[in-house]
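This report describes how the chains of one complex meet and where selected residues lie. The sequence and the model are shown first.

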Amino acid sequence: MNFWRKVIAITWKDVLSEMRTREIIFSVLIFTLLVIVIFNFAFGASQQLMVLVAPGILWVTFAFAGVLSLNRSFIPEKEESCLEGLMVCPISREVIYVGKMLGSLLFMLIIEAIALPIFAVLFNLPVLSLQLVTITVFTTIGFVAVGTLFSALAVNTKAREMVLPILFFPIVVPIIIGAVEASSLALSGKPWGDLSPWLQIIGAFDAIFLVVSFLIFTFVIEE
Amino acid sequence: MENFGYLLAAFSMAWALVFGYVLLLLNRQKRLQQEINSLKEVLKEKAS
Amino acid sequence: MKRNIQLWLSLVLMLVALYLVFVYVPTEKEMGIVQRIFYLMVPTAWLALLSFLVVFIGSTLYLVKRGLKWDILAHSSAEVGIVFTTLALIVGSLWAKPIWGVWWTWEEPRLTSTLVLWFIYFAYFMVRSFASEEFRGARFAAVVGIIGFVDIPIIALATTLWRGIHPPPLIFQGGLAPSMLLTVLVSVAAFTALYFLLLFQVISMKNDVTEVRKLKELRG
């Protein structure tokens, strides 16, 4: 269980640093709400239209917010050379991956937990169902599974804010499709059975990319 | 014979793209070979 | 020697394929002459995938064994691959217009998957050129090659399911007539030969680049 203790240490470091500066959560949260509001203006006032586009809006918003939040996840490591410090410690690279990933997961879930009720109010839709929460949790896991890997990669490039979205979005297309379709069904009150093919896709994505990213991470941060 | 235009366009695009790419490759190849030869000359002169 | 064999093989196969596509195979009843674009679509889509498979193999071997030749293999295949992926999209669009009346449709999962694949190819090159040093670029590109390839089946599954309530417009209503099957197979074979020809050409050019660099170092 040594592994998990080290992982928690890294995650806790990120949480502590975030609690002091509140950088990520505030800025990404405001961004999320702003995007939702702008989409509201973009799509006009018809309630029927809103019901149709709401899942799409929700997930585009979360995807962009996710990229913002992931972008920042490795920047302090790079700027303050924390990463070298971490790598000198007797911990395996995988620990760093899982630690950072859990940190990003936590931040994104917090942001989503705040954004969803506000979304429900603004769009007049029942987003607080167990179905939607499940979809959100599993899709976010997928986001951070690849996102952490790509963020560590992007931070070592010349145009890091641009590199991450271009890497991230094509790869997560399947879970965006899955999340939007499943959310759309959930908002119409369909049973779990209908959601299941989409949830399976999201689940498979999560499982596969958690493993693959875990294995590849060491190649991204080595010197 | 309707839509023949599209058929023609598709195959023309295929040829144009592939052929264009091949030309690009041949050009790059020629330049590289020239550079290699000139560098080898310089090295030979240096050696002697 | 080997290059000449490849060249002649590709040429012959291409000519045979052209003959089959334009003379031998009968015109399809439903769609008319435009249906022959199909014999371009299948090979280019196949090459888009085959190229990325080779990118994946090269990338994995590069990360595991660290030989520069594996990175060259992956990089070269990506170059050839993105050319054919672009072609696949253009041909697909030229197919869509006469058949469905629109230049683009999100209804056709193969078309949308190919578009996503194109972006993955793009990411492969972008990551290579934006890296701070070249060997890093090779490593990062390898990561993209691996993640991208693993993602391809999931993308295909998701896009098909997304449009899966109504089966996508079938290329044909019935099965494939034997003459059509032959034409498709020969076309695929011809394009595959062309792929390998181009691949080896690009590889040898990248090797030349390496040699230029070495010679420059010696020259000082």
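Does C:Leu215 count as buried, exposed or partly exposed, and how many C-beta neighbours does it have inside 10 Å? In this predicted model, C:Leu215 has 17 C-beta neighbours inside 10 Å. A buried residue needs 20 or more and an exposed one 12 or fewer, so C:Leu215 counts as partly exposed. The residue is found in helix α6 of chain C. Leaving aside neighbours within four places in sequence, C:Leu215 is in contact with B:Ile36, B:Leu39, B:Lys40 and B:Leu43.

**Confidence**

The model has an ipTM of 0.90 and a pTM of 0.91. For chain C the average pLDDT is 87, and 94% of the residues score at least 70.

The contact of chain C with chain B involves 24 residues of chain C and 23 residues of chain B. On the side of chain C that touches chain B, α3 (68-100) and α6 (178-219) each supply at least two residues. The largest share of that side, eleven residues, comes from α6(C), the helix in which C:Leu215 is found.

Chain C also meets chain A, in a contact that takes 27 residues from chain C and 25 residues from chain A. Here α4 (109-130) and α5 (134-162) of chain C each supply at least two residues of the side that touches chain A. The largest share, 17 residues, is contributed by α5(C).

**Chain B**

Chain B has one helix and zero strands. Its C-alpha trace spans about 70 × 10 × 5 Å along the principal axes. Of the 48 residues in chain B, 8% are buried.

**The nonpolar core**

The largest nonpolar core contains 146 residues, of which A:Leu167, C:Ile37, C:Val91 and C:Val127 touch the most other members. Not counting residues up to four places away in sequence, C:Val91 touches B:Ala10, B:Met13 and B:Ala14 in chain B, together with C:Ile37, C:Leu40, C:Met41 and C:Thr44 in chain C.

**A helix crossing in chain A**

In chain A, helix α5 (residues 93-123) and helix α8 (residues 192-221) have axes that come within 8 Å and cross at roughly 110 degrees. Angles of 65 to 115 degrees count as roughly perpendicular, and α5(A) and α8(A) are therefore roughly perpendicular to each other. From α5(A), the residues A:Arg93, A:Glu94 and A:Tyr97 meet A:Ser213, A:Phe214, A:Phe217, A:Thr218 and A:Ile221 of α8(A). By class, the residues of this contact are four nonpolar, two polar and two charged.

**A loop residue in chain C**

C:Arg66 lies in the loop between α2 (38-65) and α3 of chain C. Phi of C:Arg66 is near 65 degrees, which is a positive value in a residue other than glycine. Is C:Arg66 buried or exposed? There are 12 other C-beta atoms within 10 Å of C:Arg66. Since a residue with 12 or fewer such atoms is classed as exposed, C:Arg66 is exposed.

Notes: Residues numbered from 1 in each chain as written. Chains lettered and ligands numbered in written order. Predicted model: local features only at pLDDT ≥ 70, side-chain atom pairs only at ≥ 80, totals over all residues. Contact = placed C-beta atoms within 7 Å. Helix = DSSP H or I, 4+ residues; strand = E, 2+ residues; numbered from the N terminus. Axes fitted to C-alpha atoms, helices over the stretch in contact; angles between N-to-C directions. Parallel < 35°, antiparallel > 145°, perpendicular 65-115°, else oblique. Nonpolar A, V, L, I, M, F, W, Y, C, P; charged D, E, K, R; others polar. Core = buried A, V, L, I, M, F, W, Y, C linked by C-beta atoms within 7 Å. pLDDT = per-residue confidence, 0-100.
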